[in-house]
Each structure stands twice: as structure tokens, then as C-alpha cells.
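Keep the model open beside you and try each task before reading its solution.

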Amino acid sequence: MFNSVINGSVTIESLLMCTLASLILGNIFAAVYAKTTECSKNFAVSLAIMPMLVEIVIMMVNGNIGAGVAVMGAFSLIRFRSQPGNSKEITAVFFTMAIGLATGMGYIGYAVVFAAIAGAVFFILSVSHFAEDDTSIRELKITIPEDQDYEEIYDDIFEKYLVKHDLTQVKTANMGSLFELTYNVKVKTPGTEKKMIDEIRTRNGNLTVMLRRPKKDEMEL
């Protein structure tokens, strides 16, 4: 079961067997990924057929070093023709490529075992709370006049309502007549956000104050 089905040259039987295994394993993983992660249909379909594509390429190379180098160069061009993905999407692509590499070399048994173990780990980590973002972290943006000293003017308000606050960015706005301060904050008591914003507005001249959750893409690796 764990021996390669390719003995010497590639036969039509070994090609069909490896291709079928690639399609089955690819579709199973794509279904698991789509169930645990929000993704487009196009990406799910790509994950389903990726093992078969890699498997076909590996089988056609069949030990030819020159052809292998050429294939790697062709694959490297793909990143310049596609949008960058997050770390989870990149991991999923590498996962399907690993399946294709195993089946392309004829090791269907090893591909099944790898897909079962790695797929189970991927599923468990995806549905569990492992390394989840702290949902209590917020991004606070305060617009102030250019003549206002922001170093300590809001400290008493922050001490009253926040567990912690970190100034991450200071940016000019409105032709330099305003400053926009950006903080990462953690609120002490949920539901007190409006009171905090009202107190800040009394000191910044009723200019814009915004409190939101950080965007996911800003927190990606």
C-alpha cells in the first residue's frame, strides 16, 4: 500500500490511479476548508484541482532535472499573476501541493495518511479558539486641532475607561490644520464606549472620534 504505484515508466493505469487519488483528496480538503473558512467558490475549486495539476506535472517530469527546473520557474510566475493571500490561504495552497507531490510520485498510501493527519489538525485548529484575536481590542481614532497638546490631555479619560492604550500613529489632516491620533485600546467595561467618546469630544472641540475593531487584514502575518 505504501509502495509507489509507478515502477519505472508511467503507465496509463498508474496515471489514472494517481489522478483519481489526487482528485478525491483535493475535493475532500477543499470541502473541509470551505466548511471552516469563508472563501470564494473560485478558491475552493482551485484547492480541489490543485493536487491533480501538481501530480500531472510531477509524473510528466519523471526524474528529468532540466524539466523539473523549468516547471519550478513556471510555477514561480503564478505569484505575479495573482493577488496576495493571507497566511491561511497560503498554507492551504501548500497543503494541496504536498498532496499532489505525493500522488505524482506514486505514493498514494502516504498521500492518504498525510491528508488525513494534516487535514484533521487543520480542521481542529480552524474550529477551535486556538490563537484567536482578542475581541476586546479596539482601534481609537481622535481628530484634534493642530494647536492641542495631545501628550497628556486624554490620559485621565483613558485611565477611567481603558485597561491599556498605545499611540500607534499621528497623522496630519485637512492641510495640516488637524491631527489624527490612532490608538490601540482595550476597554475596561463593555458598554462604556459612548461615555468615553462623549468625554473625548468635549476636549477635542467636537471633532471626529472613531472607535472600531481592527481590520483583519491589518492583523495578518
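Helices here are DSSP runs of at least four residues, labelled H or I and numbered from the N terminus. The model you are looking at is predicted.

**Exercise 1.** Find where Phe29 and Tyr33 lie, and classify their ring pair.

*Solution.* First, locate them: both residues sit in helix 1, four residues apart, or about one turn of the helix. Next, look at the rings: the centres are 6.3 Å apart and the planes make 40 degrees. Planes under 30 degrees apart count as stacked and those over 60 as edge-to-face, so the rest are tilted. The Phe29 and Tyr33 pair is therefore tilted. Both Phe29 and Tyr33 are buried.

**Exercise 2.** Now classify the pair of Tyr33 and Phe122, and say which helices it links.

*Solution.* The ring centres of Tyr33 and Phe122 are 5.9 Å apart with planes at 35 degrees, so this pair is tilted. Tyr33 belongs to helix 1 and Phe122 to helix 5, 89 residues apart, so the pair links distant parts of the chain. Tyr33 and Phe122 are both buried. Together with Phe29, Phe43, Phe95 and Phe114, they form one aromatic cluster.

**Exercise 3.** Locate the kink in helix 2.

*Solution.* Follow helix 2 to Ile49, shortly before the proline Pro51: a kink of about 40 degrees lies at Ile49.

Note on methods. Residues numbered from 1 in each chain as written. Predicted model: local features only at pLDDT ≥ 70, side-chain atom pairs only at ≥ 80, totals over all residues. Heavy atoms only, no water. Bend = angle between axes of the 7 residues up to and from the residue. Helix = DSSP H or I, 4+ residues; strand = E, 2+ residues; numbered from the N terminus. Phe/Tyr/Trp six-rings, centres within 6.5 Å; stacked < 30°, edge-to-face > 60°. Buried < 20%, exposed > 50% of the residue type's maximum accessible area, 1.4 Å probe, protein only.
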